[in-house]
Amino acid sequence: MYTIYKSKEGKKRIQSYYESYLKLFDVEFQRVYIDTLFGKTHTLVTGPIDGKPIFIFQGGNCISPMTLSWFSSLFADYRIYAPDTIGHPGFSAETRISAKDESYALWVSDLMNHFKVDRSAFIGPSYGAGVILRLATFIPEKIACSVLVAPSGLIIGPKIKMIQKILIPMLIYKMNSSDKQLQKIADIMSSNNMKAIDKNIIGEIFSHVKLEQNMPKLTEKRELLNYTSATMVLAGSKDIFFPAEKVIERAGEIISNLIVSTTYEMGHFPSEELLKKMSAEIKQFLNLNY
């Protein structure tokens with residue numbers, strides 16, 4: 001069987017970090033395994049049973065609790081469904097599926113059918129936003145509204161800069177486990193604001209996971225002609241992967257109902273201070289559009 005992990009021991013380490021991260025939340029999660037077209041999908045569920053549903057997709061090459069923690073202020077009011085993206089670290093099937101065709105849209109549809117949710121709000125940071133844009137392309141009627149944070153699927157930053165600032169330090173880290181190199185990467189990704197636990201998890205993933213190297217397809221305007229749901233885009237001016245100026249410009253060109261587009265002075269990972277501001281603005285958007 002194909003595995004995304006380099007060893008059984010490495011898989012255990014990543015999943016141990018996952019369990020430790022869950023203990024940092026002040027809520028209980030129901031854990032559900034769902035059969036989909038592409039394999040079993042482990043999903044965290046929390047929030048009031050009668051709350052409006054929100055699906056939250058993780059960032060790529062990380063674990064779901066890491067990016068899920070950015071939106072914890074929503075847990076009290078909404079029914080949260082947070083699947084481990086198939087083919088990424090976590091407890092879902094390790095099948096790698098294409099983020100360039102309808103595969104992720106079909107995967108999301110299977111999840112929604114299991115929970116008997118016809119239409120939902122969606123939140124996606126980074127790779128998770130790319131998943132939402134695939135759904136918006138192929139099954140847009142499933143989306144009541146969406147929040148795309150530091151989103152993939154719109155544009156991509158300068159590749160030379162990513163090679164210099166991320167890839168080379170990562171290769172050095174893989175050779176010698178240098179904390180100095182890992183800290184360089186963490187500082188670039190977060191504009192010097194990454195939590196220690198997140199940095200450590202990224203290091204473990206670099207060491208033990210065969211990284212997903214394919215970004216979600218860059219969405220074309222014609223693909224979103226039938227997508228008319230209210231959309232919020234939040235981007236970072238210091239994001240090495242998806243710089244805000246280009247992200248916001250592209251979103252305005254192809255998303256017909258772009259209600260909010262905001263630039264924060266942040267990297268790919270927001271600081272704790274910015275998360276408070278971001279949470280308040282997301283809540284306001286949901287109150288008005290969901």
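Predicted model: local features only at pLDDT ≥ 70, side-chain atom pairs only at ≥ 80, totals over all residues.
Residues are numbered from 1 along each chain as its sequence is written. Local features need pLDDT of at least 70 and side-chain atom pairs count only at pLDDT 80 or more, whereas totals for chains, interfaces and linings use all residues, and side-chain values use heavy atoms, with hydrogens and water left out.

The open sheet comprises eight strands in the order 1-2-4-3-5-6-7-8, with mixed pairing. Strand 1 (30-36) and strand 8 (258-264) stand at the edges with a single partner strand each, so one side of each is left without a neighbour in the sheet. From one strand to the next, the twist averages 20 degrees. Helix 8 (residues 244-254) lies across strand 7 and strand 8 and runs at about 165 degrees to strand 7, the angle being taken from 0 to 180 degrees between N-to-C directions of axes fitted to C-alpha atoms, for helices over the stretch in contact (heavy atoms within 4.5 Å).

In helix 3 (residues 103-114), the buried residues (under 20% relative accessible area, 1.4 Å probe, protein chains only) include Y104, W107, L111 and M112. The elements that cover the buried residues of helix 3 include strand 1, strand 2 (39-46), strand 5 (120-125) and helix 4 (127-138). Helix 3 is followed by K116, whose phi is positive, near 55 degrees.

How values were computed: Pairing = 2+ DSSP bridges. Helix = DSSP H or I, 4+ residues; strand = E, 2+ residues; numbered from the N terminus. Expected span 1.5 Å × (residues − 1). Buried < 20%, exposed > 50% of the residue type's maximum accessible area, 1.4 Å probe, protein only.
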